[in-house]
Structure formats: structure tokens, C-alpha cells
Amino acid sequence: MKRSKRFLGGLLVSGLLASGFAAPLAADEPQICECREGLEMEGTPWIRLMPGDMTGGYFVLRNHGERDYRIVAADAPISEVVELHEHAHVDGVMRMRQVDGLEIPAGERLLLEPGGLHLMFIRLHEPLTAGDWIPVILEFDDGGTMEIHARVQRGEGSSDSHSRGHMMDDDTHPMDPEHGQHGH
Ligand SMILES: [Cu+2]
């Protein structure tokens, strides 16, 4: 008797935990960098919200360590391909082109910014939404990897004032991006 009662109580409690008290979704910033030893993310990595099926990603990574690092590839669930790009003047025209690697020598900083080095997300699977956090895996020449999280936002910089807030206006997205803008 005693036993079965306790058993029932246990069922009730676990039922409540499973259904009634779902933990609130983790609303805030994910870990922006599970950085490798010696590396530190400065500011918030970000991905530009753009029409079309490709866009750029940017961050600043500082190397406090003793050894040099070199990023040779990147991967993210939002696009078919992620390339490492630079902007360069070729015959007076600014063009993007792929680079083999992104160097982060010991004691220095790797700067990815609009008009310079960047991650290029090519063939996005679906339109991005401002405020979303995108996991990006960076792969190094020694086979090591690390995960960063980049936030989707409009505009040029990660340090403009609205980028620090919660972006509630964008989070409510009254217009469903799934509808209406396919094709271009
Ligand atoms: Cu590019």
C-alpha cells in the first residue's frame, strides 16, 4: 500500500515537471565563443541581414596565447557553403575573393569587418531573421575546431547601440519571412 502510494506520487510529480513547468526558453545570449586556449572574442560576432541568398559574417578574435592560429574553414547550418573571403582592389575595382586561411598570430588580432576579411555564407537555406543567433564552427589548420555564435543584424557594426538590446521589435516578426519573398 504504502509503496504504491508513493509510486503514484512520483508519477504525479514527474508528470507536472514534464508538462506544467517547462523551463522558460533560454532567452539571452548564448556563449559567443567556446574559444580555443589563448583566444578571446572581442564584442559580438554578427551576420549581416541582407536580401538574397548570401551574406557576410564578422568578428574580432584576439590571440593572447603563445602560439599562432590559422583558421582554414568554417561551417554553419544556415547555408550550403561558408567561405573565407577578403576584399581587394583589383584594377581599381573592389572585389571579394576567397582566401586559404585567416591568420591569428600570437599577440595579435584577427579582424573580420565589412569591406575587409569576412565569412561568406553562400546559398542560404532560408531567409535570416534579425536577432537570431547562428552557431558557426571554425576549423583550424591543426584539425582543431571551435564554436562561436553570431547574431543576425542589420547594418555595419556590432557596437551600434541597438545591437546590445534585446531587439524585441525584431523578435516578434509580425511578417512571416516564409511567405512572399522567394525567388530572387
Ligand atoms: Cu565575400
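User: Let me start with a detail: which residue in β8 stands opposite G56?
Analyst: That's M120. One thing to keep in mind is that this is a predicted model.

User: Which way do β2 and β8 run relative to each other, parallel or antiparallel?
Analyst: Antiparallel, with four bridges joining β2 to β8.

User: And how many bridges does β8 have with β4?
Analyst: Six, again in the antiparallel sense; β4 covers residues 79-90. In that pairing, L84 stands opposite L119 of β8.

User: Back to M120. What does it touch, sequence neighbours within four places aside?
Analyst: M120 is in contact with M54, G56, V82, E83 and H85. There's also S79, which is 41 residues from M120 in sequence, with 9.5 Å between their C-alpha atoms.

User: Why does M120 count as partly exposed?
Analyst: Because M120 has 18 C-beta neighbours inside 10 Å, and a residue needs 20 or more to be called buried.

User: How much of the chain is buried?
Analyst: 19% of the 184 residues.

User: And the contacts, what share joins residues at least 24 apart?
Analyst: 69%, taken among contacts between residues at least 6 apart in sequence.

User: Let's talk core. How many residues are in the largest nonpolar one?
Analyst: 24, and the residues with the most contacts inside it are I47, A76, I134, V136 and A150. Elements giving two or more residues to this core include β1 (39-48), β9 (133-140) and β10 (145-153).

User: Pick A150, then. What's around it?
Analyst: Not counting residues up to four places away in sequence, A150 touches P45, W46, I47, G57, F59, I134 and V136.

User: What about I148, where does that one sit?
Analyst: I148 is in strand β10. Leaving out residues up to four places away, I148 touches I32, C33, M41, P45, F59, V136 and L138.

User: Is I148 buried or exposed?
Analyst: Buried, because I148 has 24 other C-beta atoms within 10 Å.

User: Last one: how far is I148 from A76 in space?
Analyst: 10.0 Å, C-alpha to C-alpha, while the two are 72 residues apart in sequence.

How values were computed
Residues are numbered from 1 along each chain as its sequence is written. This is a predicted model: local features need pLDDT of at least 70, side-chain atom pairs count only at pLDDT 80 or more; totals for chains, interfaces and linings use all residues. A nonpolar core is a set of buried Ala, Val, Leu, Ile, Met, Phe, Trp, Tyr and Cys residues joined through C-beta atoms within 7 Å. A residue is buried if 20 or more other C-beta atoms lie within 10 Å of its own, exposed if 12 or fewer, and partly exposed in between; C-beta atoms are placed from the backbone. Two residues are in contact if their C-beta atoms, placed from the backbone, lie within 7 Å. Two strands pair if DSSP finds at least two bridges between them.
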